[in-house]
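Thanks for coming, everyone. I'd like to walk you through one structure today. Let me put it on the screen.

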Amino acid sequence: MKPIGKTIRQIRLIKGMKQKDFSKVTQAGIANIESARKNITLDKLISILDDFNMSLREFEYIRNDYKLSPTDNLFLDFANVKNSIDREQGGKLLAQISSHMKEYPTDFIAFCLYVVEDVILKITAQNSYEVESPEAFKIWSILYDREAWTYQEVYIMSKLFFVFPVELGTSMIERIEREMANYVDFLKDIHFDATFYANVGKYYTHQRQFNLGRKYLNQSLPLCKKYDRVIIENDIYAYLAIIDYLEGDREAESEVLDCVNRFHAMRKPALAEDLENDWNTFFKEKIPN
């Protein structure tokens with residue numbers, strides 16, 4: 001990674017700026033920073049970035065020779081996976097994370113991503129949310145006492161809460177919601193709020209807490225429409241119908257099966273199979289007499 005001063009000089013030349021063109025740092029100050037004769041304070045760096053009209057994230061990307069940091073790259077690869085139930089793709093992710101951890105053994109975020117993917121693969125393989133993951137409890141024990149979480153930590157917990165008992169899971173959901181409020185606009189293209197609320201709704205449906213399930217599913221629905229997340233939206237309609245069915249509306253079964261067929265129409269057979277398996281395993285024969 002290049003020195004900060006060298007990166008500032010590189011960007012200044014790209015933008016066609018002179019050393020005298022900065023609003024809060026003198027020409028001599030910029031010269032000293034670029035030549036590493038003087039260290040830069042955070043306030044001065046932010047001021048320079050304001051003059052560049054550039055985020056710190058982009059600055060660090062350029063400083064790293066137009067590459068993400070290894071952890072950021074791994075995180076974004078993980079976050080951009082579109083189908084979490086794809087076991088083959090999940091296996092490749094685990095291998096990628098394992099390789100990263102050999103090189104960076106103390107990388108907490110990489111460890112967390114490994115645990116999340118391991119949990120997802122176990123749920124898919126066992127067709128049950130009741131999976132053993134002492135590592136997930138370890139992550140929660142580390143994050144519980146922290147005053148605040150980073151974006152990556154919020155995202156990770158939004159993918160882990162559903163393996164915990166409902167009493168603990170509920171306290172996690174409340175904490176995730178509080179932390180998430182600070183980061184909803186940080187990486188808008190990931191839209192993890194829509195996924196999180198949908199997963200919370202599904203979690204409470206499995207826990208037979210239907211009022212909470214419906215609340216969170218309905219909270220996710222407008223976000224899915226806003227972000228055009230049609231796959232999550234279809235899952236939500238299926239689970240809203242499942243709640244209706246479990247509350248005694250036998251005709252709601254047809255809506256669930258329609259949602260299965262919509263996944264087939266989208267050419268998403270794995271998602272169709274997953275929804276149909278959930279329906280047959282957890283819900284179809286569970287309607288109250």
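A word on the source. This is a predicted model, where local features need pLDDT of at least 70 and side-chain atom pairs count only at pLDDT 80 or more, while totals for chains, interfaces and linings use all residues. Residues are numbered from 1 along each chain as its sequence is written, and side-chain values use heavy atoms, with hydrogens and water left out.

Now the overall picture. The protein chain has 15 helices and zero strands. The C-alpha trace spans about 80 × 35 × 35 Å along its principal axes. How much of the chain is buried? Of its 289 residues, 46% count as buried. Buried means under 20% relative accessible area, exposed means over 50%, and partly exposed is in between, with a 1.4 Å probe and protein chains only.

On to the rings. The structure holds 23 aromatic pairs. Rings of Phe, Tyr and Trp (its six-membered ring) pair if their centres lie within 6.5 Å; planes under 30 degrees apart are stacked, over 60 edge-to-face, and the rest tilted.

Take Phe161 and Tyr203. This pair is edge-to-face, at 5.3 Å centre to centre and 75 degrees between the planes. It links distant parts of the chain, 42 residues apart. Phe161 sits in the loop between α9 (151-158) and α10 (166-180), and Tyr203 is in helix α11 (residues 192-206). Phe161 counts as buried because its relative accessibility is 0%. Tyr203 is buried too, at 5%.

Next, Tyr204 and Tyr216. Their rings are stacked: 6.0 Å centre to centre, with 25 degrees between the planes. Tyr204 belongs to helix α11 and Tyr216 to helix α12 (residues 210-227), 12 residues apart. Tyr204 has 2% relative accessibility, so it counts as buried. Tyr216 is buried as well, with a relative accessible area of 5%.

There is also a cluster. Ring pairs join Phe75, Phe78, Tyr151, Tyr155, Tyr183, Phe186 and Phe192.

The charged end of Lys138 sits over the ring of Phe111, 5.2 Å from its centre. The test here is NZ of Lys or CZ of Arg within 6 Å of the ring centre and within 35 degrees of the ring normal.

Now salt bridges. The structure holds 11. Each is a side-chain nitrogen of Lys or Arg within 4 Å of a carboxyl oxygen of Asp or Glu.

Start with Arg175 and Glu179, which meet at 2.8 Å, N to O. Why are they about one helical turn apart? Because they are four residues apart in helix α10. An α-helix has 3.6 residues a turn, so residues three or four places apart point the same way. Arg175 is buried at 9% relative accessibility, and Glu179 is buried at 7%.

Then Lys202 and Asp235, also a salt bridge, at 2.8 Å, N to O. Lys202 lies in helix α11 and Asp235 in helix α13, so the pair ties together parts 33 residues apart in sequence. Lys202 is buried at 14%. Asp235 counts as buried at 18%.

Third, Arg214 and Asp244. Their side chains meet at 3.1 Å, N to O. Arg214 lies in helix α12 and Asp244 in helix α13, so this bridge ties together parts 30 residues apart in sequence. Buried or partly exposed? Arg214 is partly exposed at 23%, and Asp244 is partly exposed at 31%.

A closer look at helix α13 (residues 230-246). It has 17 residues, which at 1.5 Å a residue should span 24 Å; the end C-alpha atoms are 24 Å apart, so the two agree. The expected span is 1.5 Å times one less than the number of residues. Of its 17 residues, 13 are buried. After α13 comes Gly248, with a positive phi near 115 degrees.

Last, the surface. Which residues make the nonpolar patch of about 310 Å²? Ile14, Tyr61 and Tyr66. Patch residues have over 30% relative accessible area and no salt bridge; like charges are joined within 9 Å, and nonpolar side chains (Val, Leu, Ile, Met, Phe, Trp, Tyr) within 5 Å. Areas come from the Shrake-Rupley method with a 1.4 Å probe; for residues, only the protein chains shown count as cover. Tyr66 is in the loop between α4 (56-63) and α5 (70-79). Tyr66 is partly exposed, at 43%.

Notes:
Helices (H or I, at least four residues) and strands (E, at least two) are DSSP runs, numbered from the N terminus.
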